[in-house]
Amino acid sequence: MAKKLKYALYTGCTARESTPELLQSTIAVAEKLGIELEILDEASCCGASHLQDFDDHLSLVLNTRNLCYAEKRGLPMVTLCNTCQLNSSMTKHRIDENKDLRMRVNNDLKQVGLEYRGTSDVKHFLYAIVEDYGLENLKNRIIKPLKNFNIAPFYGCHNIRPAEIQHHNNGGENPYAPNSLDNLIEACGGNSVDYDEKNKCCGFHVDLQAPDTANKLSGKALLGATDANADFMVTPCPLCHLNLDVKQHKIGEAMGREINMPVLHMPQIVGLALGIPPEKLGLNHHVVKAVYFEK
Amino acid sequence: MATNITNPKDQIATKQVVFKAFRFNADTDILPYYEEYKLIVTQEDVVLDILNKIKWEHSGSFSYRRSCRHGICGSCAIKVNGKAVLACKERMFNLIETFGTELILDPLNKSRAIKDLIIDKADFWNKYNSVQPFLIANVDKNPVKENIIKQQEADKLLNADYCVQCGACYYSCPAVEVNPEYLGPAALAKAYRFNSDIRDEAKIDRLDTVNQMGSGIWNCVKCFECTQVCPKEVNPMDKITQLHLQTFQEGVADNNVATRHAVGFKHSIEKHGLLDEGGLVFYSEGICGMPQHIPEAINMLKNGKIPMPWSLPKSKNLAEIKKLVKISSTAKF
């Protein structure tokens, strides 16, 4: 590679709490690939599209503040969670397009000595690997290909929709026929599995108030992958992961079928293919164990 | 006429496509089936041209709705390879680029099919009608001058008035698919359209309708399928967010698990910068709502997915976040 890749890492909340294995595997993979990550310790929660329902201005200010800290470091921001990606890039899109809005946000930020200038891009770590590092470069580093594994990609909504906000950060991914994760699976030596639900919603955002909706949507995805003979699923989104993995037993009951589908985080499959030991990728943290990789 | 003029058709790119069209007659068929048509598609064709070609040149009984042919009547929405499109607007070559040269023509909802691509849209219209999708205002029946709406007031509609009721969003909504009670994106976008109209007087009424648990705005899964699919760029998901905001602005948001969940983010951010995930669930559910989460919590605890209170992560420069929450807050609950 010509130039060493360096990003400001916006971990989001989930990778620091309920999916610690995501942060762990991200750091392990970045280290192995020589991608430098500076963690944005100052960043706050993105509001997860819920604060956005209550207080639009506050959520804009807080997300812009996060972007300011990436700008201060002179680095593009990478995210680990689709919903962080959505809220960061949506904020950026709105204040870049609307001068008045930008002024209002900057007026508040000025009071804590910050100013948004719009110099840092935001992209999900998936696209940092696929687009910036490049799959050809990745293939050259693979020492333990995921040969003979059928792997079901689960894209998660907020990396691919709305395309208008995301397309310049995600290599122009087509929300109706996404292929980045499929290509990544193939680059890691696995066999990517096609099924109807791969670009559909897991229902995470209504988990509390409408668990029935969430369970059915996640259930359809899990069964779609199961019926397509997947050995495991992989997702770039920790929120999808929480639903698909932690709630899997309950979802099986809701769907009236037994489900046993390990769900891996995107950096975990890259890490496995790069020969990083499973314990360094936090596979022990999963509720549904990916037994294939246990010693 | 000069004879050396080349037929412009000669320069138009063409592709051969295999279409599999959904065929079903509710009066005579028990099961639907697919009929295959091999057709030449030109770069100028929209989906409706293909439907017409099938009907006029191959199968006269093939049925679908069509009317204006100009993207304004909303009659002709169907699904191609699962993607809802307005047939008179969607270019065939775009679809070929996305899905290749084998295309499946389906009704918007197969289980509601009456004949081929024609569906019974009663569910859509019933929900649409339930939000009072019209202006409610005490208008002078014999006005002596025009009632002019200023541009800045018209802008507040945020293009919600562009909706042609085609149903593309509604029949692409995963929440509708698994929860038949949910009003869905079209009706909610319409509720916003009149709620944001300066002349309208039924805003609170409509908010009461769309605020209902089980059927209203809190059942939106935030997947953006509606925004992505809308052929008129109404952005229904944004309108649903606007309705959420209106319920808080107007003080009509109920105190329930969904509203507390939205508000809880602010409290958590103010306290920790990052989210206190467990604390948020507790704040949203209240003590009575917690038992249902115990099996998951135990699973999470066993697998190191719940940080201990003393190791809960906090943002650096927390004082700065607290200050911003104070000066930038605009909503009350």
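Two residues are in contact if their C-beta atoms, placed from the backbone, lie within 7 Å. This is a predicted model, in which local features need pLDDT of at least 70, side-chain atom pairs count only at pLDDT 80 or more, and totals for chains, interfaces and linings use all residues. Residues are numbered from 1 along each chain as its sequence is written, and chains are lettered from A and ligands numbered from 1 in the order in which they are written.

Select B:Ile78. Leaving out residues up to four places away in sequence, B:Ile78 touches B:Tyr64, B:Val85, B:Ala87, B:Leu105, B:Asp106, B:Pro107, B:Leu108 and B:Leu117.

Next, show helices H3 (residues 122-129) and H6 (residues 185-195) of chain B, whose axes come within 8 Å and cross at roughly 25 degrees. H3(B) is therefore roughly parallel to H6(B) (angles under 35 degrees count as such; axes are lines fitted to C-alpha atoms, for helices over the stretch in contact, and angles run from 0 to 180 degrees between N-to-C directions; helices are DSSP runs, H or I, of at least four residues, and strands, E, of at least two, numbered from the N terminus). B:Phe124, B:Lys127 and B:Tyr128 of H3(B) meet B:Ala186, B:Ala187 and B:Lys190 of H6(B).

Move to A:Pro162, in the loop between helix H7 (157-160) and helix H8 (163-166) of chain A. The peptide bond from A:Arg161 to A:Pro162 is cis, with omega near -10 degrees.

Then select A:Asn229, in the loop between helix H10 (211-227) and strand E7 (232-235) of chain A. Phi of A:Asn229 is near 65 degrees, a positive value in a residue other than glycine.

Finish at B:Phe224, in the loop between helix H7 (203-210) and helix H8 (225-229) of chain B, where phi is near 70 degrees.

Definitions and conventions:
Angles under 35 degrees count as roughly parallel, over 145 as roughly antiparallel, 65 to 115 as roughly perpendicular and the rest as oblique.
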